Amino acid sequence: MARMPHAFVIGEAGSMRTQSFFSHAQSVGFEAELSPAVFLTGECPWSEHYDHNSRLSTMGYGLNRGEVGCFLAHRKVWQKIVEGSDRVCLVLEDDARWITAPGGDIAEAAGSIVGRPMLVRLLSQPQRSYRVWKNLSSVSSLVLPTRPSDLSVAYLITREAAVRLLQASQCFVWPVDRFFNLSYLHGVDVLHLAPEKVEHEDIDSLIGKRTKPAVSFAFRLKREWLRFMRSVRTALAYQRTLGRLGLRFKSVCRPVDE
């Protein structure tokens, strides 16, 4: 039987949020290594990796301090994975909670993606229709959603995927969960584990709200054109993923809660 992958939890040492996570983890027999959250100070752009000018020219507004800090915290974990000896790791934010105690399906999922540039979300929003890539048991499967969704709360990631994400985020302009979906940028296949194994604890987000200033009509046209081009590139990358994973002619399944 495959073993549980090494796990990292992104959190602030000594904070109530992180202490709550580890209390929950202990109650379900789960162990994880703390990887420090990143809290930024000072003036924008805060990091050499965040390309604020490109973000402004693309969207008309920047990422906020919390979004940049969140991305940098995930990058730190990817760097640890690249420098470490584990071929697959599990990454969680400190507001993740296991729906049931983690078991063989997580280990089997990790074993199924070894050596591939893959990331597997354990929680996503919204729920999407999907194609089954691999059945892990009678009740658990690795699936490819038909459309991207969001969240970076909990995911499995291979070392190969961590390498690609690090390289592609040397200069980033997107929040980390949205960045995951832009496979044309990083070449990582993003799967989901179904049914979901993790839920999002209902506590206040540390990300903060983003400010969206008014822009000109001409800029809105430019932004819509750039959005259209991203959708085309995303669709083309998705078709390549379907072929690479042998899913092009597989039937589409609907999520259980539809």
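P195 is placed in the loop between strand 9 and strand 10 (198-200); helices (H or I, at least four residues) and strands (E, at least two) are DSSP runs, numbered from the N terminus. The structure is a predicted model, in which local features need pLDDT of at least 70 and side-chain atom pairs count only at pLDDT 80 or more, while totals for chains, interfaces and linings use all residues. Residues are numbered from 1 along each chain as its sequence is written, and side-chain values use heavy atoms, with hydrogens and water left out.

The peptide bond that joins A194 to P195 is cis, and its omega is near -5°. The bond from Q125 to P126 is also cis, with omega near -5°. P126 belongs to the loop between strand 5 (118-121) and strand 6 (130-135). Most peptide bonds are trans, and most residues other than glycine have a negative phi.

## The second largest pocket

On a 1 Å grid over the protein atoms alone, a pocket is an open set of points where a 1.4 Å probe fits, with protein on both sides within 12 Å along at least five of seven lines, and lining residues have an atom within 4 Å of a point. Strand 7 (141-145) and strand 9 (189-194) are the elements that give two or more residues to this lining.

The space in the second largest pocket is about 350 Å³. This volume is the space filled by probe spheres set on the grid points, which are joined across faces, edges and corners. The lining consists of 11 nonpolar, 6 polar and 4 charged residues. Here Ala, Val, Leu, Ile, Met, Phe, Trp, Tyr, Cys and Pro count as nonpolar, Asp, Glu, Lys and Arg as charged, and the others, Gly among them, as polar.

## Nonpolar cores

The largest nonpolar core has 36 residues, and W78, I81, L119, I157, L165 and F180 touch the most other members. Such a core is a set of buried Ala, Val, Leu, Ile, Met, Phe, Trp, Tyr and Cys residues joined through side-chain atoms within 4.5 Å. Buried means under 20% relative accessible area, exposed over 50%, and partly exposed in between (1.4 Å probe, protein chains only). Two or more residues each come from strand 1 (6-11), helix 3 (65-83), strand 3 (88-93), strand 8 (154-158), helix 5 (159-168) and helix 6 (176-180). Helix 3 gives the largest share, 8 residues.

Setting aside residues up to four places away in sequence, I157 touches W78, I81, R87, V88, C89, V91, M118, L119, A162 and L165; contact means heavy atoms within 4.5 Å. A second, separate core has 33 residues, including I106, M118, V198 and L247.

## Cysteines

The count of disulfides is 0, a disulfide being a pair of cysteine sulfur atoms within 2.5 Å. C44 is partly exposed, at 30% relative accessibility.

The sulfur of C89 is likewise too far for a bond, because the closest cysteine sulfur, in C70, is 18 Å away. C89 is buried, at a relative accessible area of 2%.

## Residues with positive phi

W46 is not a glycine, yet its phi is positive, at about 70°. W46 lies in the loop between strand 2 (33-36) and helix 2 (52-59) and is partly exposed, at 21% relative accessibility. L151, also a residue other than glycine, has a positive phi near 100°. The position of L151 is in the loop between strand 7 and strand 8, and L151 is buried, at 14% relative accessibility.

Helix 4 (residues 104-113) contains G111, which is partly exposed with a relative accessible area of 45%. In space, G111 and M4 are 9.1 Å apart, C-alpha to C-alpha, and in sequence they are 107 residues apart. The buried residues in helix 4 include I106, A107, A109, A110, S112 and I113. After helix 4 comes G115, with a positive phi near 85°.

A168 is part of helix 5 and is partly exposed, with a relative accessible area of 22%. Apart from neighbours within four places in sequence, A168 is in contact with F179, L185 and H186.
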